[in-house]
Amino acid sequence: MSEVEDVVDDLSDAWAFDEAVTGNVRDPYPEFERFRAEEPVQRIDLSVMPGEEGKPLFVVYRFEEAQQLLRDNETFSSSIILSAYGEALGKRVMLGMDEPEHGRHRALVAKAFSQKGLARFQDELVARVANDLIDKMAPNGKANLVKEFTFPYPTRVIAGLLGLPEEDFLRFQKWSLALLSYALNPERGLEASKTLVEYYRPILAARREDPRDDLISRLAVAEIDGERLEDEEIFSFLRLLLPAGVETTYRSLGNLLFALLSNEDQLDAIRKDRDLIPQAIEEGVRWDAPLLSIIRVATCDTELGGVHIPEGSSVMPMLGSANHQGERFDDPDTFDIFRPAKSNLAWGNGTHVCLGMHLARLEIRTAINLLLDRLPNLRLDPDADDPHIRGQVFRSPTALPVLFDKA
Ligand code: HEM
């Protein structure tokens, strides 16, 4: 088997995860609606979160309580992420830090992820990667957009942002996949985590010595009040970028493409007016968020939505449910890029709100624009075997078979 086929073969692991954990769930939304009405803060006595087994878990289904808990980061701490994933991501990972440490850390990396900081990557990196992938599909008149486009795209963008040499790309993608499927195969995930650090170590040392114009150099030299990021913090951040920046983006792009290809009138509207793409991206992540839930731990005895929550309990805001709350979003199960703009929780909320949202929006906008420009008459393959979105932890289509006019 060639190395490329080998990497593509590994893809099935990323999808096997959801199936192993939750089964092939196509539509979780009717159940969420029932819980929002009957048990909006639901107590489950035995958590199965790694490291938290046996403690109570509270699942929060309504928008208001989910937002309230995400904004109250003193009562609801992110440290639970360290106990669950610290081994794979590193003990100094910002996702698992609380204030004030988290704020200091975030300030050091935030500039590189601002709209301004990213603007110059649009043509020289993001569009180049998208065009490369489209070049390979365009002569064929048909493609599976997940395998040939949405999956490889964000990993290659991140590799480019980090300034990794192109010849290392396949290795990098393999380690990414192993890290992404850590929950399914912890041993392999941990090995990849260690290998990644060993891979990054000489690169970081070289960039500290002689900074270039890439993300690793920016992290190496970032300074606030004379303080810099330690090596371990940088390695943790670099490992976090894979699950946080690849998994979510490829799934969101797949969900949006599926929604648009299944709603021809809205796709046509976008074909004619590309200024509609930003609102389509927000509607896409609202309608089917790539990550249905996130997790916190209660730091003291507290109450949420009238329900007592004992100190030490895991608390899980169900973002996908909050985004389908009828009182906030009319006809919430319908994908409608023309609905009135209202914030949703797909990007999280509060101090840990997604750091990569501008990059994700840039990647998705560029991808939709170029796919529509370069694959005329893009449509779902009518003979394909029932493409659909699925998953109860992560959600996306596993395949998107499409047809288009050959270039
Ligand atoms: C559509 C795509 C994306 C979605 C829906 C998404 C969603 C989220 C969510 C829900 C959180 C909050 C987690 C929590 O509070 O526990 C988060 C945090 C984060 N995301 Fe994203 N994300 C996306 C893309 C990206 C990209 C492209 C990157 C970077 C390359 C990225 C980097 C991060 C980081 C570093 C954090 C942690 C922020 C912190 O702890 O302060 N994300 N994301």
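Predicted model: local features only at pLDDT ≥ 70, side-chain atom pairs only at ≥ 80, totals over all residues.

Trainee: Which strands pair with strand 2, and in what sense?

Mentor: Helices (H or I, at least four residues) and strands (E, at least two) are DSSP runs, numbered from the N terminus. Two strands pair if DSSP finds at least two bridges between them. Here strand 1 (residues 41–44) pairs with strand 2 in the antiparallel sense over four bridges, and I44 has L57 as its bridge partner. Strand 10 (residues 314–317) pairs with strand 2 in the parallel sense, also over four bridges; there L57 is partnered by S314.

Trainee: Are the residues on the two faces of strand 2 buried or exposed?

Mentor: Buried means under 20% relative accessible area, exposed over 50%, and partly exposed in between, with a 1.4 Å probe and protein chains only. In strand 2 (residues 57–60), L57 and V59 on one side and F58 and V60 on the other are all buried.

Trainee: Which protein donor does the iron atom of the ligand have?

Mentor: Donors are N, O and S atoms within 2.8 Å of the metal (3.2 Å for Na, K and Ca); water is not among the atoms, so sites may look incomplete. The single protein donor to the iron is SG of C354, 2.3 Å away. C354 sits in the loop between helix 16 (319–322) and helix 17 (357–374).

Trainee: How many salt bridges are found in the whole structure?

Mentor: A salt bridge is a side-chain nitrogen of Lys or Arg within 4 Å of a carboxyl oxygen of Asp or Glu. The search finds 28 of them. One of them joins D231 to R208, with the closest N and O atoms 2.8 Å apart. D231 lies in helix 13 and R208 in helix 11 (residues 186–209), so this pair ties together parts that are 23 residues apart in sequence.

Trainee: What parts of the chain does the salt bridge between D288 and R395 link?

Mentor: The closest N and O atoms of D288 and R395 are 2.6 Å apart. The pair links distant parts of the chain, 107 residues apart: D288 is in the loop between helix 15 (277–287) and strand 7 (296–298), and R395 is in the loop between strand 12 and strand 13 (396–397). D288 counts as buried because its relative accessibility is 3%, and R395 is likewise buried, at 2%.

Trainee: What residues line the second largest cavity?

Mentor: On a 1 Å grid over the protein atoms alone, a cavity is a set of points where a 1.4 Å probe fits but cannot get out; lining residues have an atom within 4 Å of a point. The lining of the second largest cavity consists of L257, L260, L261, L267, I368, L371, L372 and L378. Helix 13 (231–262) and helix 17 each supply at least two of the lining residues.

Trainee: Where is the cis peptide bond that ends at P100?

Mentor: The bond from E99 to P100 is cis, with omega near 0 degrees. P100 is found in the loop between helix 4 (80–89) and helix 5 (101–110).

Key: Residues numbered from 1 in each chain as written. Heavy atoms only, no water. 1 Å grid on protein atoms, 1.4 Å probe; cavity = no way out; pocket = protein on both sides within 12 Å on 5 of 7 lines; lining within 4 Å.
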